[in-house]
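Reader: Could you walk me through a few spots in this structure while I have it open? I would like to go slowly.

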Amino acid sequence: MQKIKSGKLLEIINIILPIVIVAGVIVLLLQNYLYNSRERICSFSDATREGTSMVFDDMIVNLAPRGGDSGSWISTKLYDNDGTLIYMSTVGTIYEMEIINNSANNLCDWSVMIRIPEEMCLNDAWDGDVEFHQNVNSGSEQVQAIKIPQYSNYDITIEHYLTPIGLMVKLYEGDHFVFYPNAEANDVSIMGRKSPTVTGSVKIGFITYIPSKAEDYVADFSVGEIHYHLHASILNNPFFLVLCGLTVAWMISFITMIAIKVNIKRYVEQQKRDKEIIEQTMQTIVNFIEAKDPITKGHSLRVAQYSKMIAEKLNFSEAECEQIYWIALMHDCGKIYIPDEILGKPGKLTNEEYDTMKKHTVFGGEILRDFNAIDSIRTGAMFHHERYDGKGYPNGLAGDEIPLIARIICASDAFDAMNSLRCYRPPFPTT
């Protein structure tokens, strides 16, 4: 019975757990999708400044001249390829921007917009495409994306100069350019931080020429913003570990449920076999008893049936009703020790014969003394002839002293006896 209850509980668990797991996976995937698809923006003006570094929640950005002799230089005159003078004097500067991923997740699909603070020419930019927004403040904005090292492959429509040192794109105060990383160089995704000393970063660079400035002049690129996405893996989500734990628990529960079902099936089959063995054994004993008294053939079976019906009316459980059936079936087993001449005597018994007949209850108790498979089976055989008024046998019990099972069998036994043929009388009339 405990196995059956455990099996039912596991069945409920194995219905609920998959639903919880599937719902959890859906929530996790939806949460992950929303997190990964949200565009994020870091404005330079919102950064915490630490020297040349701009510190954001998700990243650290360093933007400054490269430094040293290679960082800037003076160009006294700047001509285009046609020999036309562009500037009398300019300062050329190499700027480098390093983006350091400060989050645990990969930084993807990023781009950098930098506002132009003053008139200048942008000569080169590397490891990506540059989208120029020219003449923004004049109201006649022109936009074109160019991979500057490969400028000869483009039909350039924005204002520019072709010089001996390469392409010069003319930019004015208020213009801006947007840098898109080079997918071929695998810069589109920046690895997340794995430890305080291990994190992903990427460097980009561009060269400017600004007229009439000193060699150590640094332009103020303090206005700009970075657009990006953070890509979180569901494998790093704590809820994913919970779902994994639930999945393992479900698998264990499912395997356990199958094992219990197999055991329950064996248990039920064994119970069925045991029941058949008990029934056949008891029926064999009853057949022995009835063989000694053929006139009462079927009496034990009818008493068992009546007793079960009474127990059902008294709201006994199914198991208790089944039990009282077996107890009642064996109530007269002690008659096997009663001499045939007494059992089959057609007339009234003498006092001595009646005393012998009454001993069948004690004999039944002795026969069933070691029968422990069915509770109270000895009680039914011993006390089914006790009477409520105390005039029964073998112990003269009265009222509630008589076990309830014995009272039920007593009533059933009396009812069948009155309605059955006996060697010493016919059945009682029904009217």
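Reader: Where is Ala232 placed?

Author: Ala232 sits in the loop between strand 17 and helix 2, where helices (H or I, at least four residues) and strands (E, at least two) are DSSP runs numbered from the N terminus. This is a predicted model, in which local features need pLDDT of at least 70 and side-chain atom pairs count only at pLDDT 80 or more, while totals for chains, interfaces and linings use all residues. Residues are numbered from 1 along each chain as its sequence is written, and side-chain values use heavy atoms, with hydrogens and water left out.

Reader: Is Ala232 buried or exposed?

Author: Ala232 counts as buried because its relative accessibility is 12%, and buried means under 20% relative accessible area, exposed over 50% and partly exposed in between, with a 1.4 Å probe and protein chains only.

Reader: And what does Ala232 touch?

Author: Leaving out residues up to four places away in sequence, Ala232 touches Asn32, Tyr35, Asn36 and Asn105, with contact taken as heavy atoms within 4.5 Å. Asn105 is 127 residues from Ala232 along the chain, yet their C-alpha atoms are separated by 5.2 Å.

Reader: Which loop holds Asn237, then?

Author: Asn237 lies in the loop between strand 17 (224-231) and helix 2 (238-292), and Asn237 is buried as well, at a relative accessible area of 18%. Asn237 caps the N-terminal end of helix 2, with a side-chain oxygen 2.9 Å from the backbone nitrogen of Phe239.

Reader: What span should helix 2 have?

Author: At 1.5 Å a residue, the 55 residues of helix 2 should span 81 Å, and its end C-alpha atoms are 79 Å apart, which agrees; the expected span is 1.5 Å times one less than the number of residues.

Reader: Changing topic, at what angle do helix 4 and helix 9 cross?

Author: The axes of helix 4 (residues 318-329) and helix 9 (residues 404-418) cross at roughly 60° and come within 10 Å; axes are lines fitted to C-alpha atoms, for helices over the stretch in contact, and angles run from 0 to 180 degrees between N-to-C directions. Helix 4 contributes Ile324, Ile327 and Ala328 to the contact, and helix 9 contributes Ile405, Ile408 and Ile409.

Reader: Last one, where is Ile146?

Author: Ile146 is in strand 12 (residues 142-146), and Ile146 is buried, with a relative accessible area of 0%. Not counting residues up to four places away in sequence, Ile146 touches several residues, including Asp129, Val130 and Phe132.

Conventions. A polar contact is a pair of N or O atoms within 3.5 Å; within protein, one must be able to donate a hydrogen and the other to accept it, and residues adjacent in sequence count only if both atoms are side-chain atoms.
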